[in-house]
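Please examine the sequence and the coordinates shown here. The account that follows is meant to be read alongside them.

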Amino acid sequence: MATLTSAAGQAVSPEHSKKRRRPQGQSSVWRWVVMIIAGVYFLVPLYAALRFAGLSGFKEVFTTPGFGSSLWLSIRLAAVTWIVSMLLMIPTTVYVHLRMPGLRRLLEGVTILPIVIPPVVLIIGVLQVMPLALRASVWLLALEYVVLAMPFAYRALDAGLRAIDVKTLTEAAGSLGAGWLSTMWRVILPNMRTAVISATILIVALVLGEFTMASLDLKQTFPVWIVLFDQENAQISVAASIFALFVTWVFLMLITVIATRQSRRTGGGEVTLFTVAPQQTIGN
Amino acid sequence: MTAKANETGAAAGVYAPPAAASGSPDGTPVSLRNLTRAFGATKALDGMSLDIAPGELIALLGPSGCGKTTALRIVAGFEYADSGEVLVNGKDVSEVPASKRDMGMVFQSYSLFPNMSALDNVGFGLRMRKTAAAQRRSKAAELLDMVGLSAQAGQYPHQLSGGQQQRVALARALAIEPHVLLLDEPLSALDAKVRLQLREQIRTLQQRLGTTTIFVTHDQEEALSMADRVGVMSNGKLEQVAEPAELYTRPATAFVAEFVGTMNRLPAEVAGPGTVTVLGTSCAMIGPGGSGGAGSPPTEDSPTSGPVDVLVRPEGLTVAPASGGNGIVSGRTFLGAVTRLAVLLSGDTEVRVDVPSATALAMAPGTSVQVGLPPTPVLVAPRQQ
């Protein structure tokens, strides 16, 4: 992905410099037109939602039954999904990079499956075969989310590993006396930080917004609660949606800022939400 | 040779900072015994044996794919041998994992840990050995000082130049006081000037510490200038292991003769037992590896009849302007004190001849010249088409 972009960038650059000599006005007008259209597209619905909810809606949302518990459930699910995903995917991607680079293509194919198969199909299939004890537990949902998040997590981690020379770093650590655990913990992981953060952002955003699976599994996560409540009091429901949007946004910004600060120290670039994630995952 | 290396090391030690005392004083002997390793149908190593004396710097030289890196990686423990053994201090280490072998390694690609400062990189091996933090830091600082990078201790790898990174990598490898120092083309990513400086620095440091060192390179100049002995490899086998001067003057095989330095091939005829006629001169045949003395018997594999090639270095030929001579100057390269002439002989053979630059002035391209060969013993190889 990275090589593609840079190659394209180089090819384009001579034309770029030509364009720069043109009068500035034309391109900056277009820039503003695009900005305004995009702004209207995103902000008008938000504004409408704000108008509709009104101040009273926001006041009431926090005291509405189910708000706290459903939000808390979603946050816990995000945390568990994140932990399981990382424990599963980091060793897998590192191992594949080191020992079975030939398998990377296959893994890429396998990990794309959850995107191809609709969540409805996934969850119904799982509900059919799962033992009752697990079906009753909320954590089944976390396991489902691990599967759902796999394409994003795998791609983010894979791209991060491709950016460092895992083999040489591992061998260097090995020759200095580091065992597997030390090598992972002190050498590989710290240098995958940006990739891990990217994966984290994608997982958190996915879990906090997932509706289909949660509702079919009859678990009241935050998105499910919003939809259910919508039928009782649309105003409060809309206020909750805006609140959820805000919380997610604050959370992602926080991760980005912290990650960038740490990455700058060791020479990595700025961390934006999708730096490490290859483009095909963004659409979803 | 080893004795000489140790002498120099001891002499340098007098002036050395206290750090020198921390290096393994008498080095570790290493032996490779009959190593073989195949990757599919390709034999990367085909029965390689080599004894390395304590404190010796040995260079493994050869074209890419000759097996030199595989040999190094087997010693390091990153690669296994299909058969054969690696003896360090007399003990077979084949079953010992890389992390327990106590071998410092410097890699071709930059291998510093990007998340650690130069100081922490150097201290990493000590940290893995559970050395106390204060001791670790002072030892790491000492080693950084030894490679001349005290001022960069707090910097991260991305803030260092390529040469500085390799020096930190060298300090990091030496910090664990390794039995053996393994250098896998550590200079090949650097620019020419830095490469030259670092070459000297590595050699000085290695002699001061007396660490047994294996240096893998495809650059003959590097190998010849740094090593106590050079092992030339081809097709997974050691063709010859010898001191640099001997390698150049008395190559054991045609491969070594042509791989090390510049070599001319001249078509010739075997005139009789042990003699060959080339450029009208009758010369004694020494077959590769011969003693070089007149009348020394040809080795078993040197050809005894028919068309052969004689191998002569550019400085071994004579050339003088002569109308109606046996060659025409086709090119002239000024190299400083000497100038290298390319001369086209009849039969489309091109030879290179080194002459003093003053003499070369009279031989511009196009000049007719007479190329000759003094009646010295010459190396002979089967005719190459």
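The paragraphs below pass from the core to the helix packing, then to chain B and the contact between the chains.

The model is predicted. Its largest nonpolar core comprises 166 residues, and the residues with the most contacts inside this core are Ala153(A) and Val310(B). Helix H7 of chain A, residues 139-162, gives the most to the core, contributing 15 residues. As a general matter, nonpolar side chains tend to be buried together in soluble globular proteins. On the chain B side, Val310(B) touches Leu266(B), Ala268(B), Val276(B), Val278(B), Val378(B), Leu379(B) and Val380(B), when residues up to four places away in sequence are not counted.

Two packed helices are described by the angle between their axes and the distance between the axes. In chain A, the axes of helix H4 (residues 104-116) and H7(A) come within 7 Å and cross at roughly 135 degrees. Angles over 145 degrees count as roughly antiparallel and those from 65 to 115 as roughly perpendicular, so H4(A) is oblique to H7(A). The crossing of H4(A) past H7(A) is left-handed. From H4(A), the residues Leu107(A), Thr111(A), Ile112(A), Pro114(A) and Ile115(A) take part, meeting Val147(A), Leu148(A), Met150(A), Pro151(A) and Tyr154(A) of H7(A). Sorted by class, this contact has nine nonpolar residues, one polar residue and no charged residues.

Attention now turns to chain B. Which residues of H3(B) are buried? They are Lys68(B), Thr69(B), Thr70(B), Ala71(B), Leu72(B), Arg73(B), Ile74(B), Val75(B) and Ala76(B). Because nine of the nine residues of this helix (residues 68-76) are buried, H3(B) is largely enclosed by the rest of the structure. Just after H3(B), Gly77(B) adopts a positive phi of about 95 degrees.

Further along chain B, strand E18 (residues 349-356) holds Val353(B). Val353(B) has 26 other C-beta atoms within 10 Å; since a residue with 20 or more counts as buried, Val353(B) is buried. Leaving aside neighbours within four places in sequence, Val353(B) is in contact with Pro314(B), Leu317(B), Val319(B), Leu341(B), Val343(B) and Val371(B). Val378(B), one of the residues touched by Val310(B), lies 25 residues from Val353(B) in sequence and 16 Å from it in space, C-alpha to C-alpha.

Finally, the contact between the chains takes 21 residues from chain B and 17 residues from chain A. On the side of chain B that touches chain A, strand E6 (103-106) and helix H4 (118-128) of chain B each supply at least two residues. The residues of that side divide into 12 nonpolar, seven polar and two charged.

Key. Residues numbered from 1 in each chain as written. Chains lettered and ligands numbered in written order. Predicted model: local features only at pLDDT ≥ 70, side-chain atom pairs only at ≥ 80, totals over all residues. Core = buried A, V, L, I, M, F, W, Y, C linked by C-beta atoms within 7 Å. Buried ≥ 20, exposed ≤ 12 C-beta atoms within 10 Å, placed from the backbone. Helix = DSSP H or I, 4+ residues; strand = E, 2+ residues; numbered from the N terminus. Contact = placed C-beta atoms within 7 Å. Nonpolar A, V, L, I, M, F, W, Y, C, P; charged D, E, K, R; others polar. Axes fitted to C-alpha atoms, helices over the stretch in contact; angles between N-to-C directions. Parallel < 35°, antiparallel > 145°, perpendicular 65-115°, else oblique. Left-handed = near helix turned anticlockwise from the far one by under 90°.
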